[in-house]
Amino acid sequence: MAETTPRPPSPRAPSPRARWAVPGVVAVAVAAAVGVPALASADADLPDVTAEQLLTRVAEAGPAPVQGTVVYTARLGLPELPVSEMTGADPLALLGGSSTLRVWSDGADRSRVSLLGATSEYSVVRDGAEAWTYSSTDDEAVHYALDAADQARYDALAERVRPGAEVPGGADLPTPEQAAAQLLAHAEEDADVTVDRPTTVAGRDAYQLVVSPTDDATLVSRVVVAVDAETSAPLRVQVWATQDGEAPSLEVGFTDVAFTAPDDTVLAFSAPAGATTEEVVVPLPDAPDAAAALPGAGTVPEGVAVSGSGWSTVVTLSDVDVAGLVGGDAASLGTVPGAERLLGSEEAQDLIQEFVPQDDEGRPTGPQLDTGALYDQLTTAVPEGRLLSSTLLSVLVTEDGRVLVGSVPADALRAAA
Amino acid sequence: MSLAEAPAAPPVPAPAPVAWLRLLRSELRLVLGRRRNQVLLAGLALVPVLLGTVLALTRDSALSGQGPSFVGQVTGNGLFLVVAALFLCLPFLLPLCIGIASGDAVAGEAGAGTLRYLLVVPVPRTRLLTVKAVAALVFAACAVLAVAVTGLVVGALYFGLHDVTLLSGSTVPVGEGVLRVAGIVAYVALSLTGLVAVGLFFSTLTEVPVGAMAATVVVAIVSTVLDSLPQVSAIHPGLLTHHWFDFAEFLRVQVDYGVLGQGLAVQAAWVALFGSLAWARFTTADITS
């Protein structure tokens, strides 16, 4: 007798059909909440500019304080590397797939970039001539600094370029208009520079500057730079390959950005207590060296040959000990957390100890990224040696120790070898 | 007899909020007083105790500082025992407990044959379902708190509480560290609300409580599996479990509340969808047992 029927409790209550409509309405509302912002990001409506005007604005704007989230996506056509799953946030993950970074910069000489893993982080903090890297996975900090003499020279140099200070030969420095014109003229020697339809990046209207190489021999189809319409700061760079017209092979751009000065606590860094800290002294190159290292300085170091021109340039390095580089410093690639093997019986444990690599204190270090195996996996054997071929760059390592690098198809490299 | 005719002129009907609270109190007493649920909570509280004891015993051996994320930091700072224990419980143990509590909510009564008697009482089905949902949510919160509070106590006893080194390498004072860990606990608890709604919906579908419990746990596991397949990356942001580990955001130098808000918005969407499905099913179903 206590059976209840599906009849509504009161005459004014909605019918069963009306009740079942409620989840339907909720589903539609959820779908709309997801879909509407995606549809709303239509093309921006901005006044037309020429490439030269756009470059002038960028040159005028200069560096500014910025903080935001950057998503980096590489579709280089390389074999899948499960690096991030193995080691957490690791710079090696940038070889393929998608990574999220967070960026803070005060627009001058202090900045922080953090590569985010699910529950890990790899940070690079720069303060003038000093820099720190910190990996949360192995709780390890590396401090890069100049020695005292170089630091004094750096400070003197920094003082000279500080705004307000008198710049020697300041009258000779080009104005932003001249710099933009020079840059444009240089780029147009072997590429077409155009302005594409405006777009929206990180919710901001942006112009798109397109550089398309006129050279057919290169793998690069075009480079697209999205420039913020308001602040003229670059918001996104895409590199498209000729082989893949669907999606850019390399894309790095803000998904969220604010042009405000970051908090001082973010830009400050000191090695956390208990972390392993490594000190690295970086030599500051002498002034003549710096000039030689600049592109277009004309001289190339010994053992380096350049053939071709423009976008299809092939650089050949001679006498490189690739095997040594590859087989060498595997330890620097980090250990894999949680991978140590522990077995019940002592005999079994001893057996494992025989095979598991250990560090100086006899602790199991866990399996390491085998760079030799990584190299074998990334490259393929060809008659000339080993070839790494991606959608944007080809690298050929020959048996006689030469390394050929170029943004050209693999066959062109093999022909050159 | 229909639900509408059930009240044979109730003598003095209590005002709605009072009646609601009275119903909730009896439901909470039922859920939290059930021996099975108490054992579940005790089992969850045992995780940080075990973890802390193992880490305390091995801290001077060659094995210290090893383990998945956060576990290595526990010996240096007891606060991390809360984070490490939640990290270990989140993939399976917590969903299991949530599944048992929420899957049992309606199906348990139906299975035991008490649901039809409950419906004879002049209580609208909507109110009954709301009370069941709130009780399941309270149990979920208790489950997370059981892990967190024992983690804090055991961690403080074994290793002490110290300044917290964030994932970004910055160090914050212990007071702020406690606040950040409290944020993690709150985020983890709120992350489980979607699963509670799913469990409640399954619970209204069947009279076999074990079926609803198993289905809820399976949903959590399938969601995790889908989340690990790059081929379906398009649906990842909407998956129930995708944002669960975003609690790590609280351990970054600048907490991005946008990321956390996204995770909570996904949970809200699951709650709205499966909550309304459960409501539609429960208020229209033929309840015969």
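Is A:E121 buried or exposed? Hold on to that for a moment, everyone, and thanks for coming. One thing to keep in mind as we go: what you see above is a predicted model.

So, back to our residue. A:E121 has a relative accessibility of 1%, so it counts as buried. Who is its partner? A:E121 forms a salt bridge with B:R252, and the closest N and O atoms are 2.7 Å apart. Now look at the chain letters. B:R252 sits in the loop between α10 and α11 of chain B, while A:E121 belongs to strand β4 of chain A, so this pair joins two chains. B:R252 is buried as well, with a relative accessible area of 5%.

A:R102, A:E121, B:E249, B:R252 and B:D256 are linked in a network of salt bridges. Over all chains, the count comes to 14 salt bridges.

Let me show you two others. In chain B, the side chains of B:E109 and B:K132 meet in a salt bridge, at 2.6 Å from N to O.

Over in chain A, please find helix α4, residues 148-161. A:D150 and A:R153 are 3 residues apart in this helix, which means about one helical turn separates them. They form a salt bridge too, with the closest N and O atoms 3.3 Å apart. A:D150 is buried at 10% relative accessible area, whereas A:R153, at 32%, counts as partly exposed.

Next, a charged residue with another kind of contact. A:D228 lies in strand β9 of chain A, and at 2% relative accessibility it counts as buried. Its side chain makes a polar contact of 2.7 Å with the side chain of A:T231. Leaving aside residues up to four places away in sequence, A:D228 touches several others, including A:R204, A:L235 and A:F259.

Finally, let's go out to the surface. Which residues of chain B form a nonpolar patch there? They are B:F92, B:L93, B:I221, B:V225 and B:L229, with about 390 Å² of accessible area together. One of them, B:V225, is found in helix α10, residues 209-227. With 44% relative accessibility, B:V225 counts as partly exposed.

That's my tour, and I'm happy to take questions!

Methods:
Residues numbered from 1 in each chain as written. Chains lettered and ligands numbered in written order. Predicted model: local features only at pLDDT ≥ 70, side-chain atom pairs only at ≥ 80, totals over all residues. Heavy atoms only, no water. Patch = residues over 30% accessible without salt bridge, like charges linked within 9 Å, V, L, I, M, F, W, Y side chains within 5 Å. Areas by Shrake-Rupley, 256 points an atom, 1.4 Å probe, with all protein chains shown as cover. Salt bridge = Lys/Arg side-chain N within 4 Å of Asp/Glu carboxyl O. Helix = DSSP H or I, 4+ residues; strand = E, 2+ residues; numbered from the N terminus. Buried < 20%, exposed > 50% of the residue type's maximum accessible area, 1.4 Å probe, protein only. Polar contact = N/O pair within 3.5 Å; in protein donor to acceptor, adjacent residues only side chain to side chain. Contact = heavy atoms within 4.5 Å.
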